[in-house]
Amino acid sequence: MDSAIPELDQIKRQLMTLNRPKKPKMLVVDDEPDNLDLLYRTFRRDFNVLKAESGIRALEVLESEGEVAVIISDQRMPEMKGTEFLSKTVFQFPNTVRIILTGFTDIEDLVDAINSGQVYKYITKPWDPNELKMVVQKAAETYEVLKQRTEELRRAQNQIQLLATIMQTALEYPNLAATLDPIATAISDNFLADTCILQLVEGNVLVPVQGGHTSGGALENWLADDPLAREAIASQNIQAAVNIATDANLASLPHYQQSAIKSHLSIPVVHGGRSIALISLQWKQPCTLRPDELTTVHLAAQQVALVMTSFQGQ
C-alpha cells in the first residue's frame with residue numbers, strides 16, 4: 001500500500017493542474033437596466049456574472065446555467081418580489097448565498113426571508129460599492145465552505161456505498177467470474193466513467209476472464225495493448241493519463257484514437273505482493289475526478305482484492 005502513495009500524489013497533482021478553479025458564477029437580478037449594468041461592471045473581474053431583468057427570467061437563467069455562488073436581487077420588481085424569487089431557489093440550490101437590495105423599508109418580508117434562511121444579507125439602496133464588495137466577498141467564501149462540506153459528505157456517502165456494494169458481491173454471487181460485471185458497474189457508476197473493465201491477471205499477464213460496463217455500444221477491451229495497463233500490473237501502482245491529448249505517446253496509439261477515450265486510470269488489484277486483477281476506468285473527456293477521489297479508487301481496489309481472495313479454494 002505504501003509504495004502506491006507517491007504515485008497517487010503525482011496523479012493528484014496532475015488533477016489539480018487540470019482542474020484549476022474557474023471564476024465563481026454570480027447572478028444579478030434587477031428590473032432597472034442601469035442598476036443591472038452597474039452590478040455587472042462591479043463584479044465582472046472576479047465573477048462570471050449572469051444578468052436577469054426579472055425574477056421569472058432569473059429562474060430561467062438558473063435552469064440553464066445551474067448553481068451559482070451568489071445571487072444579488074432587487075426586492076421591488078414587477079410580477080415577483082425579490083424575496084419571492086429567492087424562496088424559489090432554496091430547494092434546488094441550497095448552497096447558493098442570497099443577497100437582497102432594497103430601496104425601502106419592508107421589514108416583514110426581509111425578516112421572514114432572513115429567518116427562513118432564504119437571504120444571507122440585505123443592502124439598502126443606494127448601496128456603497130465598497131460595502132457591497134465586502135459583503136459579496138464574504139458571501140462567496142461562505143458558498144465555498146458550504147459547497148466543500150456538501151461535497152465531502154456526498155463523497156463519504158458514495159465511498160461507503162461503493163465499498164459495501166463491492167463486498168456484498170462476495171455474498172450474492174456463486175463464483176469469482178460472476179462478481180466481475182456487478183463490481184465493474186458499481187465502480188463505473190461511482191466515478192461516472194464511460195467504461196470500466198475489471199480483468200483478471202495471472203503471472204503479470206491479463207487473462208480472458210473479465211467483467212465490464214460501458215455507457216453505450218459494445219464493450220471494447222484493448223488493455224493487452226495498453227502501456228498504462230502493462231505498467232500498472234508490473235509496478236503495482238496506479239497509472240493515469242488525465243488528458244491523453246497532451247501525451248504524444250498515448251494520443252498516437254490506435255486504440256485511443258478509435259475509442260475516443262480522453263482519460264484513463266489503470267488500477268492494479270494487488271494481493272500477497274502480486275497483481276491479481278486490473279481495473280480500467282475510461283472517460284471520453286479529460287479526467288474530472290477530484291484529487292481526493294483517488295483515495296476512494298485506491299480503497300476500491302483493495303476491497304476488490306478482498307472479494308477475489310474470498311473465492312480462493314472454491
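These are my notebook entries on a predicted model, taken element by element.

**Overall**

I began with the chain as a whole. I counted eleven helices and ten strands in its secondary structure. Of the 314 residues, 44% are buried. I then looked up the contacts between residues at least 6 apart in sequence, and 63% of them join residues at least 24 apart.

**Helix 2**

I asked which residues of helix 2 are buried. In this helix, residues 33-43, they are Asn35, Leu36, Leu39 and Phe43. Looking down the helix axis, I found these buried residues within an arc of 100 degrees, so they line one face of the helix. The general rule I had in mind is that an α-helix has 3.6 residues a turn, so residues three or four places apart point the same way. On the face turned away from the buried side I noted the exposed residues Pro33 and Asp34.

I found two aromatic pairs in the structure.

The charged end of Lys51 sits over the Tyr40 ring, at 5.1 Å from the ring centre.

**Val97**

Is Val97 buried or exposed? Its relative accessible area is 4%, which is under the 20% limit, so Val97 counts as buried. Setting aside neighbours within four places in sequence, I listed its contacts as Ala69, Val70, Ile71, Tyr120, Ala139, Thr142 and Tyr143. I also took the C-alpha to C-alpha distance from Val97 to Leu146, which is 9.5 Å for a separation of 49 residues in sequence.

**Helix 7**

I moved on to helix 7, residues 176-191. Its 16 residues reach 23 Å from the first C-alpha to the last, close to the 22 Å expected at 1.5 Å a residue. At its start, a side-chain oxygen of Asn175 comes to within 3.3 Å of the backbone nitrogen of Ala177. Just after the helix, I noted a positive phi of about 55 degrees at Leu192.

The buried residues of helix 7 are Thr179, Leu180, Ile183, Ala184, Ala186, Ile187, Ser188, Asn190 and Phe191. What do they pack against? I found helix 6, strand 6 (195-202), strand 7 (205-214), strand 10 (274-283) and helix 11 (293-310).

**Ser280**

From strand 10 I took Ser280. Its relative accessible area is 0%, so I recorded Ser280 as buried. The Ser280 side chain makes a polar contact of 2.9 Å with the side chain of Gln282. Leaving out neighbours within four places in sequence, I listed the contacts of Ser280 as Thr195, Cys196, Ile197, Leu223, His264 and Leu265.

Terms used. Residues are numbered from 1 along each chain as its sequence is written. This is a predicted model: local features need pLDDT of at least 70, side-chain atom pairs count only at pLDDT 80 or more; totals for chains, interfaces and linings use all residues. Side-chain values use heavy atoms; hydrogens and water are left out. Buried means under 20% relative accessible area, exposed over 50%, partly exposed in between (1.4 Å probe, protein chains only). Helices (H or I, at least four residues) and strands (E, at least two) are DSSP runs, numbered from the N terminus. The arc is that of the directions from the helix axis to the C-beta atoms. Contact means heavy atoms within 4.5 Å. The expected span of a helix is 1.5 Å times one less than its number of residues. A polar contact is a pair of N or O atoms within 3.5 Å; within protein, one must be able to donate a hydrogen and the other to accept it, and residues adjacent in sequence count only if both atoms are side-chain atoms. Rings of Phe, Tyr and Trp (its six-membered ring) pair if their centres lie within 6.5 Å; planes under 30 degrees apart count as stacked, over 60 as edge-to-face and the rest as tilted. A charge sits over a ring if NZ of Lys or CZ of Arg is within 6 Å of the ring centre and within 35 degrees of the ring normal.
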